[in-house]
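Subject: Structure for you to look at

Dear colleague,

Here is the structure I promised to pass on, and my notes on it follow below. Please keep it open while you read.

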Amino acid sequence: MGLEKLKELLVDQKEVMEDVILDALKGIVSLDSQSGEVYLQEKFSELRPDAKICLFLMARKAAHLLGLTDGEVASATLIRERTGMPVGTVNPKLRSLLDRGVIAQNEHKEYYMPTHALAIARQTIKGGINAP
């Protein structure tokens, strides 16, 4: 009864996820339609390291949501290999993003993008372009 106004806050989580992920990734990565492999596009090289990590993990989440992969998690080694960044860059950024709650880690020390952090990750990606 007096809560009708609060219903304006209700959203469809899947629809919001799709919008946020597409907005963050479009034009920077693409996904193989068969394997879900993440392909980095030219604009990826313009991003700061924290944005690159967020983008890669968000792309893995997208591939998983599309049913292209069995999971979305990635080890620190896979992140380094696929983003081309060195251990001395990736590991401190992973720790920082983890401490800020932008990414999460499972019991096997693999990283993933939690749904509740998608908007923060998008902000990190959008603001993560290096100045020329």
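Thirteen residues, written 13 in the count, line the largest pocket of this predicted model, and Glu18, Ile21, Leu22, Ala62 and Leu66 lie nearest its centre. A pocket here is an open set of points on a 1 Å grid over the protein atoms alone, where a 1.4 Å probe fits, with protein on both sides within 12 Å along at least five of seven lines, and lining residues have an atom within 4 Å of a point. The space in this pocket is about 360 Å³, a volume being the space filled by probe spheres set on the points.

Helix 1 (13-25), strand 1 (29-31) and helix 2 (49-65) each give at least two residues to the lining, with helix 1 supplying the largest share, six residues; helices (H or I, at least four residues) and strands (E, at least two) are DSSP runs, numbered from the N terminus.

Elsewhere, helix 3 (residues 76-83) packs against helix 4 (residues 87-99) at an angle of about 125°, their axes 10 Å apart, where axes are lines fitted to C-alpha atoms over the stretch in contact and angles run from 0 to 180 degrees between N-to-C directions. The two helices are therefore oblique to each other, since angles under 35 degrees count as roughly parallel, over 145 as roughly antiparallel, 65 to 115 as roughly perpendicular and the rest as oblique. Ala76, Ile79, Arg80 and Thr83 in helix 3 meet Val87, Val90, Asn91 and Leu94 in helix 4 (heavy atoms within 4.5 Å).

Residues are numbered from 1 along each chain as its sequence is written, and side-chain values use heavy atoms, leaving out hydrogens and water. Because the model is predicted, local features need pLDDT of at least 70 and side-chain atom pairs count only at pLDDT 80 or more, while totals for chains, interfaces and linings use all residues.

Best wishes
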